[in-house]
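Subject: Handing over a structure, with notes

Dear colleague,

I am passing on the structure below, and after it you will find a walk through what came out of it. Please keep the structure open while you read.

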Amino acid sequence: MQLGLVGLGRMGSGMRRRLRRRGHDVIGFDPHSAASDVTSLEALVQALSVPRTVWVMVPAGAPTREVIGQLSRMLSGGDRVVDGGNTRFTEDRIHAEILAHADIRLVDCGVSGGVWGEADGYALMVGGHPTDVSDLMPIFEALCPDGERADSFVHAGPLGAGHYAKMVHNGVEYGLMQAYAEGFEFLAAEELITDVPAVLRAWSRGTVVRSWLLDLLVDAVSDEDEFFRVSGYVEDSGEGRWTVEEALRHAVPVPVISAALFARFASRQSDSPAMRAVAALRRRFGGHPVRTHRPPKE
C-alpha cells in the first residue's frame, strides 16, 4: 500500500523504515530533515496515487493544525488523512471539519512504542469510520507487533476515540513511571541495600510488578555515570494534564495520575515558593529553625 508520511522525527522515521521493510511504498516529507524523499508537502501529494492516504506525524497543536490546513487545500475528495500525533481528542472534530469541506476523511491514531517501535512494533489506538479503518488495516498491521492483533491494535470507536485512548494510556504511564522512580529512590536511601540496580532487575521476571518500563529503568540506573548526568527536571507532553482534566469532567478519581503530574511540576522548581511559605509558617507559629540561602545580617 502507498502512504505519504509527514514528519520524520524519532517516531516517524522509524515507522517509515518498518513499513518499507514490510513491503509498503512510503514517501516521507519533513522540512527539517535531510531524509525527506520530496522537497515539499505539495510534492508529496503529487507523488501519491489517487485515492491518497497521508499520515501526519508532527507535534500536537499548531504544527498539526497547520499541516491539516495545507492538506485540505492539496488533497481531493476520497483521500484520507491519518493523524498519528498526540493531538488532544477535542481537536479531532475541528480537523475533520477542515478536511470535510474538500470531502477528505480523517482517522485519528494514538501510537505507542517510542523509538523501540521500529524493531518491536507499535501499539495503535484508532478512531474513525469503520470503512476508513478497514481500508487502512494493511498499514496498521505492518506497524503492529507480530502476534494477535487485539494485543496491540484497537478500533476504539468513532473519530476522537483513538486519541482519547492514547491520552489515558499516557496518564497511566505517568503513574507507573512515578511509582518505579519512587521505589528506586526508596531502595537507594537504605544502607542495607548494596546493589539497587540488581534489586530492580530481580523484579523484572516473575514478579507482579514486572514490565517493559521496569526493564528500561534497570538499564537506565545500571550506568551510574550516565544516570547521574541526567537532570531531575521532567517535562510533560500535555496528555497527563488532559487526563486529569477529563477525570474532573467525568468525576473519576485519579489520585495516582494526578500526583505523578504534580511531581513533574515540582521537578522544575529549584526552590519551591509553596515550601518556603510552609517553612516560614513553621518558624512563625512554632519557632522552628529554617535554612537560609545567605547568612543573616549582623
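Helices (H or I, at least four residues) and strands (E, at least two) are DSSP runs, numbered from the N terminus. Residues are numbered from 1 along each chain as its sequence is written, and side-chain values use heavy atoms, with hydrogens and water left out. The model is predicted, and for that reason local features need pLDDT of at least 70 and side-chain atom pairs count only at pLDDT 80 or more, while totals for chains, interfaces and linings use all residues.

Of its 298 residues, 40% count as buried, where buried means under 20% relative accessible area, exposed means over 50%, and partly exposed is in between (1.4 Å probe, protein chains only).

Next come two places around helix 12. Asp-236 is found in the loop between helix 11 (224-227) and helix 12 (239-250), and it is buried, because its relative accessible area is 13%. Its side chain makes a polar contact of 2.8 Å with the side chain of Arg-241; a polar contact is a pair of N or O atoms within 3.5 Å, of which, within protein, one must be able to donate a hydrogen and the other to accept it, and residues adjacent in sequence count only if both atoms are side-chain atoms. His-250, in helix 12, is partly exposed, with a relative accessible area of 44%, and a polar contact of 3.3 Å joins its side chain to that of Arg-249. His-250 and Asp-92 are 158 residues apart in sequence and 20 Å apart in space, C-alpha to C-alpha.

The strands deserve a look as well, and here two strands pair if DSSP finds at least two bridges between them. Strand 6 (residues 123-127) is mostly covered, with four of its five residues buried. Strand 5 (residues 105-112) runs antiparallel to strand 6 and is joined to it by five bridges, with Cys-109 standing opposite Val-126 of strand 6. With strand 7 (residues 153-157), strand 6 pairs in the parallel sense over four bridges, and there Gly-127 has Gly-157 as its bridge partner.

Which residue caps the N-terminal end of helix 14? Ser-272 does, with a side-chain oxygen 3.2 Å from the backbone nitrogen of Ala-274. Helix 14 is followed by Gly-287, whose phi is positive, near 70°.

In the segment after helix 14 lies Arg-291, which counts as exposed because its relative accessibility is 86%. Arg-291 and Ala-119 are 172 residues apart in sequence and 51 Å apart in space, C-alpha to C-alpha.

With kind regards
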